[in-house]
Amino acid sequence: MKMLYVCLPLLWLIGTPIQAADAYPSRAITIIVPVPPGSANDLAARLAGDIIASQSGQQVIINNRGGAGGLIGMSAAAKAAPDGYTLIAASSGQITSTRLLFTDPMVDPMKDLEPIAPVIDVQIIAAIHKDVSARTLAEFVALSKAHPGAFNYTSGGTGSGTHLAGDQLLRQLGLNLTHIAYKGASPAITDVVGGRVQMIVLSPGSLITHIRSGALRPLVVASNRRIAFAPDIPTSAEAGVPNWNVSVWFGIFGPRGLPKEIINRINGYVQALSSDPAAKKRVAEGYMDLMPMNAELFSRFVRADASKWEQIIRDAGIKPQ
C-alpha cells in the first residue's frame, strides 16, 4: 500500500499535461501582434485568430503591442504562461533577426518562443516616390551615386525582414542609403507617399493602392517570377540583381515550454486555412500566399531561415544598436 501512495502523485503529475491538452482550449485565447495595426503581422494574426476561433469554439483576442522592432510584444509573449492562451503572430525578421540588432534585446525569440504554425508568405518590392526622377532600378542607382546623401529609404521597421532585404539589395547595388526607422509599416508608407522618404522596401500588397494611384513607382520584386497582380514590375534578374530573392513569412508562436500536444492542436487549427474559401480569398486579396506546414517542419524551417539571415547580417557588417 505504501508503494501505491507514492505512485499516485507521480501518476497525477504525468497525466497533467495530457489532461491540460485534452481540455484545451477552454477559454479565450490572446494573439499578440508586436507592431501597430495595419500591417501583414496584423493580417496574419487575424487570419489565424478567425480560424482558431471557428475551429475551437473559443474567442480569440488580438492585442497590438508595438515597439522596439517587435521586441516589446515578443517579450510579453515569452513571459506568458506556456498554456496556449497567449500566442504571438510574428514575422521572419522579428523572430530570426531582431535579437541580433539590439544590444539589449529583452528576449531571444529563437530560444524563448516555440514555433507553432506558419500563416502567410509575402513577396517584397522596392518602390520610390513619384518625384524621384528615375524610371528603373538602374536609373535610381545612377541617380543615387551622382547625388550621395540625397536619398534614404524605409521598410517595415528595424530588424524586420523588409529592413534586412532592403539592406541586402543596397549592398548588391553598391548604395549607401540611410534607413529611416518607424514603428511599423503604416507610418513608413505615409512618409514615403508624402515624399519625406524616397524609397521603401515592403510587401506589394501594402503599396499597391499607392502604386496604382501613381504616388509610388515600383522598381523591382525580390523574386525570379513577376507578380500576377502587378506584372509590369521587373523581377530581380530582369532588374540586374539576380541574387535578390527573398520573402517575408509570418507565423504563430507561443512561450517556450508549450506542450507539444497544444502546439500540434493549434497548428491543426491554422492549417485549416488552406481549405477555408473565405481565408484563401482574403490572402489572395492581400497579394500573399498561405503556408501550410506541420509544427515539426515549421520548426526546422525557422532554424534554417535564422541561419540564412544571420549570415546576411554578418556579411552586411550590421552591428547591434
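Guide: The model is a predicted one.

Visitor: Which peptide bond is cis, and what is its omega?

Guide: The cis bond joins Tyr24 and Pro25, with omega at about -10°. Most peptide bonds are trans. Pro25 is located in the loop between helix H1 (2-23) and strand S1 (29-33).

Visitor: With which residues is Ser75 in contact, neighbours within four places in sequence aside?

Guide: Ser75 is in contact with Met106 and Val107. Ser75 itself belongs to helix H3.

Visitor: How do you know whether Ser75 is buried or exposed?

Guide: The limit for buried is under 20% relative accessible area. Ser75 has 7% and is therefore buried. In helix H3 (residues 71-79), Leu71, Gly73, Met74, Ala76 and Ala77 are among the other buried residues. The buried residues of H3 pack against S1, strand S3 (86-91), H4, H5, strand S4 (113-123) and strand S10 (247-255).

Visitor: Why are helices H2 and H12 called antiparallel?

Guide: The axes of helix H2 (residues 40-56) and helix H12 (residues 277-285) cross at roughly 175° and come within 11 Å. Angles over 145 degrees count as roughly antiparallel, so H2 is roughly antiparallel to H12. Leu43, Arg46, Leu47 and Asp50 of H2 meet Ala279, Arg282 and Val283 of H12. The contact of H2 with H12 comprises four nonpolar, no polar and three charged residues.

Visitor: How is the packing of H2 and H11 described, and why?

Guide: H2 and helix H11 (residues 260-271) pack at about 110°, their axes 8 Å apart. An angle from 65 to 115 degrees counts as roughly perpendicular, and H2 and H11 are therefore roughly perpendicular to each other. From H2, the contact uses Ala48, Ile51, Ile52, Gln55 and Ser56, and from H11 it uses Ile266, Tyr269 and Val270. By class, the contact of H2 with H11 holds six nonpolar, two polar and no charged residues.

Visitor: What makes Asn152 count as buried or exposed?

Guide: The relative accessible area of Asn152 is 17%. Since buried means under 20%, Asn152 is buried. Asn152 is part of strand S6 (residues 152-154). Neighbours within four places in sequence aside, its contacts are Leu177, Thr178, Ile180, Arg196, Val197, Gln198 and Met199.

Visitor: What makes Asp191 count as buried or exposed?

Guide: Asp191 has a relative accessible area of 16%, and the cut-off for buried is under 20%. Asp191 is therefore buried. Asp191 sits in helix H8 (residues 185-193). Residues up to four places away in sequence not counted, Asp191 touches Tyr182, Arg196 and Val197. Asp191 and Ile180 are 11 residues apart in sequence, and their C-alpha atoms are 10.0 Å apart.

Visitor: Is Ala215 in its loop buried or exposed, and how do you know?

Guide: Ala215 lies in the loop between helix H9 (204-213) and strand S9 (216-221). Its relative accessible area is 13%, which is set against a limit of under 20% for buried. Ala215 is therefore buried. Neighbours within four places in sequence aside, Ala215 is in contact with Ile128, His129, Lys130, Val193 and His210.

Visitor: How do you know whether the radius of gyration agrees with that of a compact globule?

Guide: A compact globule of 321 residues would have a radius of gyration near 20 Å, and the chain has 21 Å, so the two agree. The C-alpha trace spans about 90 × 45 × 30 Å along its principal axes. Of the 321 residues, 52% count as buried. The chain has 13 helices and 11 strands.

How values were computed. Residues numbered from 1 in each chain as written. Predicted model: local features only at pLDDT ≥ 70, side-chain atom pairs only at ≥ 80, totals over all residues. Heavy atoms only, no water. Axes fitted to C-alpha atoms, helices over the stretch in contact; angles between N-to-C directions. Helix = DSSP H or I, 4+ residues; strand = E, 2+ residues; numbered from the N terminus. Parallel < 35°, antiparallel > 145°, perpendicular 65-115°, else oblique. Contact = heavy atoms within 4.5 Å. Nonpolar A, V, L, I, M, F, W, Y, C, P; charged D, E, K, R; others polar. Rg over C-alpha atoms; globule rule 2.2 N^0.38 Å. Buried < 20%, exposed > 50% of the residue type's maximum accessible area, 1.4 Å probe, protein only.
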